[in-house]
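Morning, everyone. Please bring up the model on your screens, and I will walk you through it.

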Amino acid sequence: VLYSGTSTAQNYYNFTKSTATYSDLVNPISISSGTVWTYNEFGPINLPFPVTIFGTTHTKFGFDDDNFALANTDNQIVTNLKPLTILLADRNTNQGTTSLSPISYKVEGETGNRILKLEIKNAGLEDELDTQFGAVNAIHYLSYQIWFYEQDESFEFRFGSSNITDVTDINDGEAFLSIFYIENENDEETSTTLGYVNGTISNPLYTETTNPDLQPASLTSMIDANTVYRFSTNTLANKDVEKDLFKMYPNPTTDDLNFVFEEQVSKNYSIYDLLGREVMKGSFANEMQSKISVS
């Protein structure tokens, strides 16, 4: 098996938290078309301008079950965007014909300086579909938007109002992690690049990884209304991206892990467990082959 390791001096994105008054989109274009939704998919819709995530360009977007997603032309590259990792559903628990949770978008600005705004408004929770079935609507609600900026390829998660106060009772207490990840799928391999925000509400932390098994901890409470999480491209990091091709065997192992590189490699390495904790680190020094004991 041939592996590709990517190393960057810094994160691909700079992360900042700020506040801005949240407003519902005015006269947006509907994606859900008034459908009462639970596990539905809406789209694909052609993007008004190419959207790049982790250096990969997308041409269309849609809504997939619980979150917005981007894709390239042949759907082999998909980016999932989850400002809140919550299992969502229409707030109409009667599953009737009138949606209470519209999904929509809007494009603003002139060519070269446009903003694509995606919105999910007044969404309910899947967990309440059974417990609240037959009620007028689900008890809990939330709203959020995702903005993509044409000019500098940055994007934002913008959080609206919510009446969720206790995170431990919802989705097994694992909700509210802000996350976006890109999956490159083809006949030979699947690769994932992941960016996520966790920590505390007052001091959120941003991390990037290519380990799809990394399970970050959740945020400790619901994200406040009018909060903006901004992800802007880090031009310094983008200039310092390197890829190394190598063979690694045996995998898995409880003894020695062997590496064979296509060319001499001088790099630092770190090994993490499935909880994301660093358990070992070292370096390769002008090596074509190397061995790491993981016993």
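**Backbone and rings**

Start at E153, which is partly exposed at 37% relative accessibility. On that scale, buried means under 20% relative accessible area, exposed means over 50%, and partly exposed is in between, with a 1.4 Å probe and protein chains only. E153 has a positive phi of about 65°, although it is not a glycine. Its place is the loop between β11 (142-149) and β12 (155-162). Strands here are DSSP runs of E, at least two residues, numbered from the N terminus.

A word on what you see. This is a predicted model, where local features need pLDDT of at least 70 and side-chain atom pairs count only at pLDDT 80 or more, while totals for chains, interfaces and linings use all residues. Residues are numbered from 1 along each chain as its sequence is written, and side-chain values use heavy atoms, with hydrogens and water left out.

How confident is the predictor? pLDDT is its confidence in each residue, from 0 to 100. The chain has a mean of 81, and 78% of its residues reach 70 or more. Confidence is lowest in strand β1 (residues 2-7), at a mean of 49. It is highest in strand β9 (residues 103-108), at 97. Where pLDDT is low, the predicted coordinates should not be read in detail.

Back to the backbone. Most residues other than glycine have a negative phi, and most peptide bonds are trans. N226 has a positive phi, near 75°. N226 is partly exposed too, at 31%. Now the cis bonds. One runs from G43 to P44, with omega near 5°, and P44 lies in strand β4 (residues 41-53). Another joins Y249 and P250, with omega about -20°.

Next, the rings. Rings of Phe, Tyr and Trp (its six-membered ring) pair if their centres lie within 6.5 Å; planes under 30 degrees apart are stacked, over 60 edge-to-face, the rest tilted. That rule gives 21 aromatic pairs. In one of them, F148 and F155 have centres 6.0 Å apart and planes at 35°, so the pair is tilted. F148 is buried at 2%, and F155 is buried at 0%. F157 and F231 have centres 5.3 Å apart and planes at 65°, so this pair is edge-to-face. It links strand β12 to strand β16, 74 residues apart. One aromatic cluster includes F148, F155, F157 and F231.

Last stop, W147. The charged end of R158 sits over its ring, 3.6 Å from the centre. The rule is CZ of Arg or NZ of Lys within 6 Å of the ring centre and within 35 degrees of the ring normal.

Definitions and conventions: Helices (H or I, at least four residues) and strands (E, at least two) are DSSP runs, numbered from the N terminus. pLDDT is the predictor's confidence in each residue, from 0 to 100.
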